[in-house]
Amino acid sequence: MQERYAGILLPITALPSPYGVGTLGAQAKNFVDFLAKAKQKLWQVLPLVPTGYGDSPYASSCAVAGSPYLIDIDELIKQDLLTKEEAEEYSCATSDKNIGRVNYEALFYRRIPLLKIAFSRFNREAPEFKEFLEKGEYADFGVFMALKCRFGHQPWTEWEDYRVYNEKKITEFVQKNRDEVEFWQFTQYIFIKQWKELKRYAHKFGIEIMGDMPIYVAYDSVEMWKHGKELFLLDEEGNPELVAGVPPDAFSDDGQLWGNPIYDWEKMKKDGYTWWKKRIDEALQLFDIVRIDHFRGFDRFYAIPVNASTARQGEWRNGPSAELFKGREDYNI
């Protein structure tokens, strides 16, 4: 940044939509038009990741995937993957009494079946899609979500023989459930196409997009399931020893007990914080600027015993600090 400029924060979900939640479609471009007229140069969004427990993007099933809820339905209609009647049948629009609020329960039960109809009409042999699958960037997300559906959306700790990640078992599962796994990859293919189109449109007006990355991931996530022992402080049985939060302050006598697993920074240091650097690089492929929520956690983080009932019992510990960013201070890629 060579000069100061202004912008507005607006989550995608807050955009107007006849289907119950804001999407990456026409209304997103309309907001870009508004920003341009208002001579703004920046649009800050909130996390785009799938919402998890409590419908929060800060407790996502995957740290790098895009939320299927944000896929624009009208665009799928234009591509003849859906009909207007189907979109209306599966609409998650709220009543006049609750207008302006997102009904996440309705989204949970209706949006995915609607997207599966679109997938049933999608040309899976299209070279662009096959190339996307071959890259395998969202293969783990596809498997994780397919397993989550198989086990009634229970956390991975309840997945019987799949609780512990095993390459051979996963390969066999994918072979038997290829349609379901590819469906979840399809959601990422469509999400990324729509997001890139929106980003290109914003750039035409000289508007940059600032993304938001939660510093922590959820316990019930791809990252914890597949890479738990590599990334987090766990006991011998694979359960968290400590969880994240913040101590008591003027706003809360008990502090905030978030419950996210804590990173094992000493173990990450041994490979040069590869996972974190890759995560930031991937975010910078989506956004022009990345804001990391609770950034101070890289310097010092608050660790709370896993069995604590409040955040009063935690303690401050040192994080990786500037060492994580050594040699990549500007992070221009």
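Modeller: Happy to! A contact here means heavy atoms within 4.5 Å. Among contacts in the chain between residues at least 6 apart in sequence, 69% join residues at least 24 apart. Please keep in mind that this is a predicted model, where local features need pLDDT of at least 70 and side-chain atom pairs count only at pLDDT 80 or more, while totals for chains, interfaces and linings use all residues. Residues are numbered from 1 along each chain as its sequence is written, and side-chain values use heavy atoms, with hydrogens and water left out.

The chain has 11 helices and eight strands, taken as DSSP runs numbered from the N terminus (helices H or I, at least four residues; strands E, at least two). Of its 333 residues, 47% are buried, that is, under 20% relative accessible area with a 1.4 Å probe, protein chains only.

Now to the part I would pick, strand E3, which spans residues 208-214 and is mostly covered, with six of its seven residues buried. Two strands count as paired if DSSP finds at least two bridges between them. Strand E2 (residues 42-44) pairs with E3 in the parallel sense over three bridges; there, Trp43 has Ile209 of E3 as its bridge partner. Strand E6 (residues 289-293) also runs parallel to E3, joined by five bridges, and Gly211 has Val290 of E6 as its bridge partner.

Technical notes. Buried < 20%, exposed > 50% of the residue type's maximum accessible area, 1.4 Å probe, protein only.
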